[in-house]
Amino acid sequence: MTLSRFLSASLATSLLALTAPALAATVKSPDGRIEVTLDTDNEGKPFYAVSRDGKPVIAPSSLGFDFTNEDPLRRDMVVTGESRASADTRWEQPWGERRFVTDRHNELAVGFKGKPTAPGRDQRGFTVRMRVFDGGIGFRYEFAGRADHPVTSIADELTEFVIAPEGTAWWIPAGDWNRYEYPYSQTAIEEVSSAHTPITMRLADGTHISIHEAALVDYSGMWLKRMQGRRFRSTLSPSSRGAKVVRKGAFETPWRAIRIADDAAGLVENDLELNLNEPNKLGNVSWFEPTKYIGIWWGMISNRWTWAQGERHGATTERTKQYIDFAAKNGFRGVLVEGWDYGWDGNWFGNGRDFSFTRAYPDFDLEGLSAYAKKKGVRLIGHHETGGNIANYEAQLPDAMALYGKLGIDVVKTGYVADAGNIISCSADIADPCAGQTMEWHDGQRQVQHHLRVVQEAAKHRIAVNPHEPVKDTGLRRTYPNWVSREGARGMEYNAWGPFNNGPDHEPTLVYTRMLAGPMDFTPGILSLKGDNDVPLASTLAKQLGLYLAIYSPIQMAADFIESLAAHPRELAFIKAVPADWSESHLVAGEVGDYAIFARKDRNSDDWYVGGVNDATARDVTIRFDHLDAGRSYDATIWKDGPDATYLTEARHQIAYDAKTVRKGDTMHVRLAPGGGLAIRLKPRK
Ligand code: NOJ
Ligand code: CA
């Protein structure tokens with residue numbers, strides 16, 4: 001290759017900008033505890049390895065790629081050079097679990113080059129950019145553009161994660177029909193099969209780790225396939241196009257992220273993926289108000305009303321008015337109404353071709369109700385169920401968002417009900433015109449592109465988005481803060497469909513797994529503790545309140561029928577008061593899968609809230625009020641499990657109330673019932 005040819009390829013910029021090759025480049029976290037090595041082994045295989053306090057966490061693990069139309073980049077590679085950087089900054093979230101986030105890391109970028117595919121062809125390779133924080137590591141691959149190979153077609157990414165010590169894993173299966181909606185398995189690490197991320201592990205020495213990804217943009221979601229022992233390899237979500245990822249020109253992969261912490265709290269109070277995402281691209285988003293909402297929803301989920309037209313149609317003008325009145329009276333900003341639009345009458349499941357996102361059913365006065373709500377200080381929350389048909393949705397998207405924008409509807413829940421792999425799309429990827437239907441995965445590149453398209457279109461109209469059956473959260477709320485919440489796990493709805501459908505350990509597992517990814521629209525607040533045919537929930541009444549503190553979302557539903565909310569005035573008082581936006585959040589007691597008690601401070605007042613959820617084992621917990629402001633007395637109002645409460649019997653309805661005065665450093669002993677929970681509101685004395 002001539003020099004000018006080499007320079008003309010933009011790969012040169014990235015590889016030559018690096019300084020001379022170093023042997024086994026290493027980089028440490030700012031506190032010096034984590035050390036990462038990047039190098040090639042004696043077969044020229046690029047690898048990384050991670051240790052903490054000198055003990056291996058990730059044993060040497062390969063890096064590389066297979067392509068559909070060129071040789072792999074996985075061996076016979078050489079290090080071309082390295083560059084270093086570091087950061088120590090603090091940034092502010094517009095809303096969230098905490099107001100300020102610290103980004104302190106050291107960075108090492110190492111260039112790896114492979115052999116040209118043929119003499120005279122452009123140099124091939126990638127840069128691995130590694131960022132090491134006190135709470136974990138993140139790395140991504142960066143590909144420069146190549147003049148003679150403008151499109152990169154990835155057959156699979158070959159990133160490995162070899163977990164050095166033995167340990168326990170909490171995980172859900174990847175590549176199965178029900179997307180992310182599985183109960184979590186707790187197994188030895190060697191017994192995981194293919195898992196979604198985040199996957200959480202507790203290692204033999206007590207170290208907690210979680211493997212996930214950050215900034216999943218224009219790429220396929222990463223699954224983890226266990227190859228043998230404790231060796232995992234990335235498997236990208238499939239595509240109907242052959243290559244799992246197709247990219248033009250220069251590009252970078254999402255960050256591969258590993259949180260590493262001493263304990264469960266260190267895993268939870270960790271902003272690794274947010275820090276790996278790009279800053280806010282939307283500017284001032286103060287138009288999004290963290291919101292609590294009610295809705296015409298549990299009625300359909302529990303089979304009393306229908307989404308479709310007919311006698312039991314849920315979304316009627318009259319019922320919506322009742323819900324708006326209730327919301328106005330009780331300070332809920334939002335009223336979600338599902339089944340308002342044409343398309344539900346036929347077979348919408350995994351089909352979606354009949355959905356209209358602009359035409360309301362005749363018994364639902366969209367314009368009139370939007371105006372009625374606004375007059376009362378309430379907003380309708382929009383709903384777009386697609387049945388997984390994104391071809392149909394994208395064709396209507398500009399009109400659908402413009403309509404909501406015009407009516408002052410500023411949050412939309414979307415839905416993609418279809419079995420995994422059954423997203424109906426046209427191949428509207430980089431170059432292809434839509435030449436017919438393809439079937440895609442909920443976390444494949446095409447659907448990843450789709451979600452961002454919806455979020456960006458919504459942002460034009462100052463609308464926030466809350467997708468169900470979504471792609472997993474990878475921290476993109478930092479870049480697009482109108483992507484406020486999502487489902488992406490078994491939510492409350494499962495409890496309507498069978499007794500104890502979500503077991504009592506489900507939520508205390510979610511806290512340390514799914515919730516590490518970001519906010520979830522779990523939809524708590526089923527105060528009746530009953531679903532379809534009165535099936536019982538594996539929950540006490542106090543747990544329904546504790547969920548508001550355990551499972552964060554800036555839009556929190558009170559999901560029960562309004563009659564049921566009204567029938568529990570003391571619980572409703574808590575739900576009305578609890579914020580959906582915090583200046584600080586701390587896990588004050590808890591273990592993965594067992595229980596989780598948080599202390600959170602309201603972003604808009606000096607009030608604190610303490611509480612959370614328990615699994616099936618009754619336990620006495622000691623809570624220390626270490627986070628309260630010093631020198632102040634707080635009036636604590638307490639909602640806790642009654643002395644005999646248990647999720648197993650009618651005693652699940654038993655709740656006890658208490659009031660106390662507490663100060664920073666005080667302790668409180670509380671008994672959490674089987675399937676129980678706790679909620680405490682702390683108001684500083686004037
Ligand atoms: C599944 C969602 O999780 C649920 O909340 C919604 O009501 C239905 N799909 C219909 O869109
Ligand atoms: Ca769902």
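At what distance from an oxygen atom of ligand 1 does a polar side-chain atom of Glu 338 lie?

Author: The model is predicted, with local features requiring pLDDT of at least 70 and side-chain atom pairs pLDDT 80 or more, while totals for chains, interfaces and linings use all residues; side-chain values rest on heavy atoms, without hydrogens or water. Residues are numbered from 1 along each chain as its sequence is written, with chains lettered from A and ligands numbered from 1 in the order in which they are written.

The distance between the polar side-chain atom of Glu 338 and the oxygen atom of ligand 1 is 2.5 Å, a polar contact (a pair of N or O atoms within 3.5 Å). In the side chain of Glu 487, an N or O atom is 2.9 Å from an oxygen atom of the ligand; for Glu 469 the corresponding separation is 3.2 Å. On its own, ligand 1 has 300 Å² of accessible area, and the protein covers 95% of this (Shrake-Rupley method, 1.4 Å probe).

Around ligand 1 there are 13 residues, each with a heavy atom within 4 Å. Those that come nearest are Glu 338, Glu 385, Lys 413, His 468 and Glu 493. By class, the shell comprises six charged, five nonpolar and two polar residues.

Setting aside sequence neighbours within four places, Phe 161 has contacts (heavy atoms within 4.5 Å) with residues including Tyr 48, Phe 139, Met 222 and Arg 256. In soluble globular proteins, nonpolar side chains tend to be buried together.

Two loop residues complete the picture. Arg 124, in the loop between strand 7 (100-113) and strand 8 (125-133), has a relative accessible area of 3% and is therefore buried, the limit being under 20%. A polar atom of its side chain lies 2.4 Å from the backbone oxygen of Asp 71. Gly 525 belongs to the loop between helix 10 (506-510) and helix 11 (541-550), and is buried because its relative accessible area is 0%. Among the residues that Gly 525 touches, beyond four places in sequence, are Met 492, Tyr 548 and Leu 565.

Notes. A polar contact is a pair of N or O atoms within 3.5 Å; within protein, one must be able to donate a hydrogen and the other to accept it, and residues adjacent in sequence count only if both atoms are side-chain atoms. Ala, Val, Leu, Ile, Met, Phe, Trp, Tyr, Cys and Pro count as nonpolar, Asp, Glu, Lys and Arg as charged, and the others, Gly among them, as polar. Helices (H or I, at least four residues) and strands (E, at least two) are DSSP runs, numbered from the N terminus. Buried means under 20% relative accessible area, exposed over 50%, partly exposed in between (1.4 Å probe, protein chains only).
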